[in-house]
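Hi,

Here is the model I said I would pass on.

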Amino acid sequence: MSNITVSVLMGSDSDLPVMKDALDILNKFGVVNEVMVLSAHRTFEETREYTTSAIERGTKVIIAGAGGSAHLPGVIAAMFPLPVIGVPIKSKSLEGLDSLLSIVQMPPGIPVATVGINSAKNAGLLAVQILATSDKELSEKLNVFRLKQKETVLEKTEKLKTMGMEKYLKILKK
Ligand code: RP5
């Protein structure tokens, strides 16, 4: 196990089913991680305490997911000088557009690297890529991951060619 740490934070436990995708990626790559429910609004003191002591505890990247009036990633970025990746969670009322805009439109000077709505998997991968800039083992693992991904797509195109579109669509629907 590498000694690099990523903190995965989310505004509510209702975000966990989405944020799990980030945790799965970090675990797959053997990146030590910690997961917490911390809200910018409901637990602002605890959020501040956690974030301001994160570097001391070894956190190098924070992934923060939030929905609706999604201030958590931005508030964290204001207190944590290393990379913060924001995951906009799909909300009930506005399908996550509110979350996306709340997270992505940061003032110049305090960036949040924002992924797509519910794209926690990409947040996990981006965190791994950031860490891989100074970790050869992780960088090699990323190459293997991309190679496997490429093979999967090429297998699909081969299957589509052999089967034809109609048959392929039937299998897709199952
Ligand atoms: C946000 O409010 C959370 O990140 C969550 O996406 C949303 C709804 O929270 P719950 O009412 O489900 O706790 O702060």
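This is a predicted model: local features need pLDDT of at least 70, side-chain atom pairs count only at pLDDT 80 or more; totals for chains, interfaces and linings use all residues.

Residues are numbered from 1 along each chain as its sequence is written, and side-chain values use heavy atoms, with hydrogens and water left out.

**The chain**

The protein chain has seven helices and five strands (DSSP runs, H or I of at least four residues for helices and E of at least two for strands, numbered from the N terminus). Going along the sequence, the pattern reads β-α-β-α-β-α-β-α-β-α-α-α. The C-alpha trace spans about 60 × 45 × 30 Å along its principal axes. There are 174 residues, and 39% of them count as buried (under 20% relative accessible area, with exposed being over 50% and partly exposed in between; 1.4 Å probe, protein chains only).

**The ligand**

Around the ligand you'll find Gly11, Ser12, Ser14, Asp15, Arg42, Ala66 and Gly67 (each with a heavy atom within 4 Å of the ligand). By class, that shell has one nonpolar, four polar and two charged residues (Ala, Val, Leu, Ile, Met, Phe, Trp, Tyr, Cys and Pro count as nonpolar, Asp, Glu, Lys and Arg as charged, the others, Gly among them, as polar).

- A side-chain N or O atom of Ser12 is 2.6 Å from a ligand oxygen.
- For the side chain of Arg42, the distance from an N or O atom to a ligand oxygen is 2.9 Å.
- Gly67 uses a backbone N or O atom, 3.1 Å from an oxygen of the ligand.

On its own the ligand exposes 360 Å², and the protein buries 65% of that (Shrake-Rupley areas, 1.4 Å probe).

**Two loop residues**

Ser39 is in the loop between strand 2 (32-37) and helix 2 (44-52). It is buried, at 7% relative accessible area, and a polar atom of its side chain lies 2.8 Å from the backbone nitrogen of Arg42.

Gly11 is in the loop between strand 1 (5-10) and helix 1 (16-28), and is buried too, at 17%.

Cheers

Conventions:
A polar contact is a pair of N or O atoms within 3.5 Å; within protein, one must be able to donate a hydrogen and the other to accept it, and residues adjacent in sequence count only if both atoms are side-chain atoms.
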